[in-house]
Every structure is written in structure tokens, then in C-alpha cells.
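Student: Can you walk me through this one? I'd like to go piece by piece.

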Amino acid sequence: MESIYQFGMVGLGTMGRNLVYNMADNGFSVSGYDRDQKQVDHLNEEAGKKNIKGFSNLQEFINSLALPRTILLLVPAGKIVDAVIDTLKPFMGKDDLIIDCGNSHFTDTNRRIELLDGEGIHFMGMGISGGETGAREGASIMPGGDEITFKRVDKLLAAVSAKVNGDPCMAYMGRGSAGHYVKMVHNGIEYALMQLISETYHLLKNIGGLSNGELHEVFKSYNNSPLQSYLLEITAAIFTQKDDVTGNDLVDMILDRARQKGTGAWTSQDAMALELPIPSIDAAVAQREMTSLKEERVAAQPILQKNGNRIEVENPGLISLLQHSFHFCMITTYAQGMALLKKASATYNYGTDLGKVASIWRGGCIIRSNMLEDITKVFQKNENCNNLMTDEIFYPTLLDTQHQIRSIITTAVQAGIPVPAMMASLAYFDSYRSGWLPANLIQAQRDFFGAHTYERTDKPGIFHTEWNFKIK
Ligand code: 6PG
């Protein structure tokens with residue numbers, strides 16, 4: 001008799017294969033499917049004594065699964081997910097469950113839930129962060145969808161997640177597409193933190209004149225401070241890597257054109273749709289776009305730097321100032337991401353617990369950091385917290401470090417070095433703490449040219465004025 005496996009995995013590329021091994025190490029039996037026989041062979045060759053089997057025949061794969069079936073998908077987001085669902089659907093029965101573990105857009109997840117619901121098939125959208133190592137050794141796992149269905153895979157997902165102080169970095173993120181939404185915002189925060197680190201590098205390199213060896217030491221020291229985070233840790237390591245081809249430092253051999261798969265832009269797009277400001281993430285996305293204009297930038301350099309607008313500036317204490325600035329920006333960046341999740345949860349009826357989000361981001365994922373311990377505490381204390389920046393755990397640091405970031409931005413502006421994410425972070429803070437902003441003038445202009453009406457400071461209601469100045 002053929003063996004029966006508890007779980008199925010479709011997509012045996014690096015992520016899928018490593019997750020299968022991780023599941024098997026945790027005592028679960030898993031069968032895998034990939035159209036590509038090479039991937040199947042790869043899985044079977046490394047399976048050893050594990051309770052794993054790979055198939056390239058779909059019917060055999062389906063027959064290998066215990067009922068009701070639970071199939072995880074680890075295939076590239078987009079049309080391929082729909083194609084895989086279409087292929088699987090004729091073989092699926094009532095109460096079978098498909099879990100999409102890729103970086104799918106949350107609106108696609110909503111559509112797929114509805115589509116499969118009509119056929120009695122359950123569908124969950126689940127974010128996984130941590131890359132290949134996370135898949136193999138423990139990732140941060142963000143499942144969303146129907147809560148009763150989630151309970152079917154609760155133990156499996158907890159087992160394959162990273163652990164922080166014994167707590168699994170996995171929790172139910174909420175109804176519908178909540179899992180994929182939370183992962184999207186994770187990536188938006190990832191974009192902003194990466195941009196902020198690269199701006200810090202730019203200033204240390206071009207104003208501080210630091211060598212790659214010194215940059216390694218500086219980022220290492222930042223990481224050995226309250227700023228401890230995975231992204232700073234890998235940044236420090238990057239400066240020690242040699243290029244196999246030339247023997248030079250690899251970082252200097254890499255073209256300055258950042259690619260993107262879209263999750264950062266999706267975060268900005270949906271924040272705009274929800275009218276919730278996340279300027280640091282927006283700036284990070286825009287700056288990736290700017291880096292892609294490599295040829296135009298190279299052509300513009302001799303024209304726009306003709307008069308030597310790059311003046312030599314000095315900023316003693318640069319290393320320490322940048323450390324404090326990064327601290328400031330890290331708080332404001334997480335604050336923007338959490339505020340977006342709060343608004344999205346209310347708008348889309350996710351029921352997301354922000355304390356749980358922060359807690360499962362403490363380990364396994366790309367944005368894991370020491371600071372997430374405190375962020376977790378803020379939301380555990382007050383689940384309705386509107387903005388991290390006003391909590392007593394964070395505002396004293398912001399009030400202290402604002403001086404350093406102002407100094408850093410002034411220096412960067414004088415030197416003509418672009419620091420858009422730092423500027424956006426400071427502007428976010430300065431705007432959020434302004435009880436009054438000059439939007440009364442915008443309202444007046446709107447009413448002037450388009451009779452768009454305005455509200456008043458002294459009484460409720462909607463007002464329009466016949467403005468007495470007529471433009472000829
Ligand atoms: C993760 C990452 C991952 C993402 C890469 C690349 O959490 O493991 O977020 O999901 O795909 O970071 O993203 P970009 O190609 O858009 O930079």
C-alpha cells in the first residue's frame with residue numbers, strides 16, 4: 001500500500017524544499033509536487049530517512065495525501081498561483097485546504113478565497129519571511145483566513161517557525177487576506193529600513209571617508225547596541241566579503257541599481273488608498289525607482305554638478321550622530337507600518353492583533369530587531385495605540401535623538417547627498433506632533449478655485465465662501 005502523508009507541498013524550489021525538510025524534522029510527513037522532475041529528484045535525494053516523498057505526477061501526489069487534504073503552495077506570486085489552483089481544483093474535494101505561502105497581493109488572496117469557497121475548498125493566504133534559512137531553520141509565519149481552518153495547521157506552523165524565548169514566531173493574523181497584508185507591510189518596513197541603512201552608508205563613506213573595513217566595524221558596533229537588528233547585522237558582514245573574480249571588496253563591484261518585486265510599492269499604494277501616511281516607506285520605494293535610472297543619473301552628473309554643488313562638509317561625531325539618527329528613523333518607520341496595519345485591520349475587518357504581529361516579527365524575519373520587544377509591549381499594554389511615537393517607551397528617545405537627525409540632515413543637505421528616507425522620517429515626526437498644520441490654506445485654495453467647501457474652527461458644518469478676489 002502507498003504511504004499517506006499529512007501535508008502536501010506544491011513548488012519544490014529552494015523555499016518549498018527547505019520548508020518540507022523543516023516540516024519533516026518536526027515530525028510531520030510531507031509529500032511534494034513539482035512539474036520539474038529535477039526538483040523532485042533533488043528533494044528525494046536529500047530526504048534521507050525523513051518521512052518525505054516527491055512526485056512529478058499530480059494524480060500520484062494527490063493520492064498520497066491524507067483527507068481532508070492540506071496543500072501548501074510555494075510558487076512565485078501572480079498568475080502562476082492562479083494556474084496552480086486551476087490545476088489542483090479538479091482533484092480537490094470538500095474541506096480540502098490550500099495555503100498560499102508566497103508574496104501574493106492581498107486582493108488576489110481575497111479573490112481566491114471567494115472563488116474556492118464556492119467549491120467548498122478552504123484557502124488561506126500566509127506570509128513567510130526569512131528566505132532560505134528561515135524556511136529551513138525557522139521563519140516568521142503570518143497566516144490569515146478563517147480561524148477554524150487555521151486551527152487545522154496551527155501546530156504545524158508553530159513547529160516550523162522561528163522561536164524567541166521559546167515563543168513561536170507564528171500567530172493568526174486575522175480574517176480574509178490579513179496574512180498577506182501583514183507580510184506586505186513587513187516588506188514595506190523592510191524597504192524603508194534598507195534605504196535608511198544605505199543613506200547611513202552613503203554619509204559614512206562620502207562625508208566620513210570610511211573604508212569598507214571601518215564600515216564593517218561601525219555597523220557591527222551599531223548592531224551591538226539597542227539598534228540590534230538582522231539588517232544591520234548582515235550589513236556589517238557585507239563589508240567583509242571579497243569578490244571571487246577580482247579580489248576587490250564585493251560591495252564595490254555591485255551596480256547601484258536596486259531591483260524590486262513590488263511588495264514595497266504595494267504597501268505605498270494601499271496606504272494611499274487608505275489615506276494613511278507612510279512617507280518613509282514611500283521615499284524608500286521612490287529611491288529604488290531613482291536608482292533604476294542609472295544611465296540618466298550618470299548623464300546628469302556632469303551637468304548638474306558642474307558648479308561643484310557637492311561642497312566639502314565635516315561633521316565631527318558623524319558615527320555617533322548617525323547611530324542616533326538611525327534609532328530615530330527606526331522608531332518612526334515601525335510606527336508608520338503599525339499605524340497602517342491598524343487602519344487596514346479596521347477597514348478590511350481583519351481583526352488583526354498588533355501585539356501579536358510585533359511579537360512574531362521578533363524572530364525569523366528580515367525586519368527582526370531588538371526594538372520589536374518594546375513594540376510588542378506597547379500593543380500588549382494598549383491594543384488601541386494609534387501611534388508608537390506617543391507611547392512612553394518611545395517618545396523620550398525621539399525627543400532626544402531628533403537633535404542628532406536634524407544635524408545629520410543639515411550636513412547631508414549642505415553636501416548635496418540625498419537622504420530622502422531620513423528626511424521623510426523627520427517630517428513624519430514633525431507633522432504628527434503639530435497640532436496645527438497649514439492645511440487651512442489648502443482648504444481655502446480648494447474652495448476658491450473649485451467651491452470644494454471647508455470646515456470651520458469655531459462651529460461644525462460645511463461652508464463655502466464667494467471669494468471676493470476675482471482673477472482676470
Ligand atoms: C522576506 C523578504 C522576501 C522578499 C525579498 C525581496 O521577508 O523574506 O521580504 O519576501 O521577497 O526581500 O524583495 P524585493 O525583490 O522586492 O526587494
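Student: Where is lysine 50 found?
Tutor: This is a predicted model. In it, lysine 50 sits in the loop between helix 2 (37-47) and strand 3.

Student: Is lysine 50 buried, exposed or partly exposed?
Tutor: Its relative accessible area is 27%, so lysine 50 is partly exposed. Buried would mean under 20%, and exposed over 50%.

Student: Which residues does lysine 50 touch, leaving out those up to four places away in sequence?
Tutor: Tyr21, Ala24, Asp25 and Arg136.

Student: And how many Å separate the C-alpha atoms of lysine 50 and alanine 135?
Tutor: 16 Å. The two residues are 85 apart along the chain.

Student: On to the sheet. What is the strand order?
Tutor: The order is 3-2-1-4-5-6-7. These 7 strands make an open sheet with mixed pairing. Strand 3 (52-55) and strand 7 (140-144) are the edge strands, each pairing on one side only. From one strand to the next, the twist averages 25°.

Student: What holds strands of a sheet together, in general?
Tutor: Backbone hydrogen bonds pair them, in a parallel or antiparallel sense.

Student: Take strand 4. In which sense does strand 1 pair with strand 4?
Tutor: Parallel, over 3 bridges. Strand 1 covers residues 7-10.

Student: Which residues of strand 4 are the bridge partners of glycine 8 and methionine 9?
Tutor: Glycine 8 partners isoleucine 71. Methionine 9 partners leucine 72.

Student: How many bridges join strand 4 to strand 5?
Tutor: There are 4, and the two strands run parallel. Strand 5 is residues 97-100. Threonine 70 stands opposite leucine 97 there.

Student: Which way do the residues of strand 4 point?
Tutor: Thr70 and Leu72 point one way, Ile71 and Leu73 the other. All four are buried.

Student: Which strands does helix 7 lie across?
Tutor: Strand 1, strand 4, strand 5, strand 6 and strand 7. Helix 7 (residues 147-160) runs at about 20° to strand 6.

Student: And helix 5, which strands does it lie across?
Tutor: Helix 5 (residues 106-117) lies across strand 5 and strand 6 (122-129). The angle of helix 5 to strand 6 is about 150°.

Student: Now helix packing. At what angle do helix 12 and helix 13 pack?
Tutor: About 135°, with axes 9 Å apart. That angle makes helix 12 oblique to helix 13. Helix 12 passes helix 13 in a left-handed crossing.

Student: Which residues make the contact?
Tutor: Helix 12 (residues 263-274) supplies Gly264, Ala265, Thr267, Ser268 and Met272. Helix 13 (residues 279-292) supplies Ile281, Asp282 and Val285. By class, that contact has 4 nonpolar, 3 polar and 1 charged residues.

Student: Next pair. How far apart are the axes of helix 18 and helix 19?
Tutor: 10 Å, and the packing angle is about 140°. Helix 18 and helix 19 are therefore oblique to each other.

Student: Is that crossing left-handed or right-handed?
Tutor: Left-handed, as helix 18 passes helix 19.

Student: Which residues meet there?
Tutor: From helix 18 (residues 395-415) come Leu398, Leu399, Gln402, Ile405, Arg406, Ile408, Ile409 and Val413. They meet Met422, Met423, Leu426, Phe429 and Asp430 in helix 19 (residues 420-432).

Student: How many are nonpolar, polar and charged?
Tutor: The contact of helix 18 with helix 19 has 10 nonpolar, 1 polar and 2 charged residues.

Methods
Residues are numbered from 1 along each chain as its sequence is written. This is a predicted model: local features need pLDDT of at least 70, side-chain atom pairs count only at pLDDT 80 or more; totals for chains, interfaces and linings use all residues. Side-chain values use heavy atoms; hydrogens and water are left out. Axes are lines fitted to C-alpha atoms, for helices over the stretch in contact, and angles run from 0 to 180 degrees between N-to-C directions. Angles under 35 degrees count as roughly parallel, over 145 as roughly antiparallel, 65 to 115 as roughly perpendicular and the rest as oblique. A crossing is left-handed if the near helix is turned anticlockwise from the far one by less than a right angle, and right-handed if clockwise. Contact means heavy atoms within 4.5 Å. Ala, Val, Leu, Ile, Met, Phe, Trp, Tyr, Cys and Pro count as nonpolar, Asp, Glu, Lys and Arg as charged, and the others, Gly among them, as polar. Buried means under 20% relative accessible area, exposed over 50%, partly exposed in between (1.4 Å probe, protein chains only). Two strands pair if DSSP finds at least two bridges between them.
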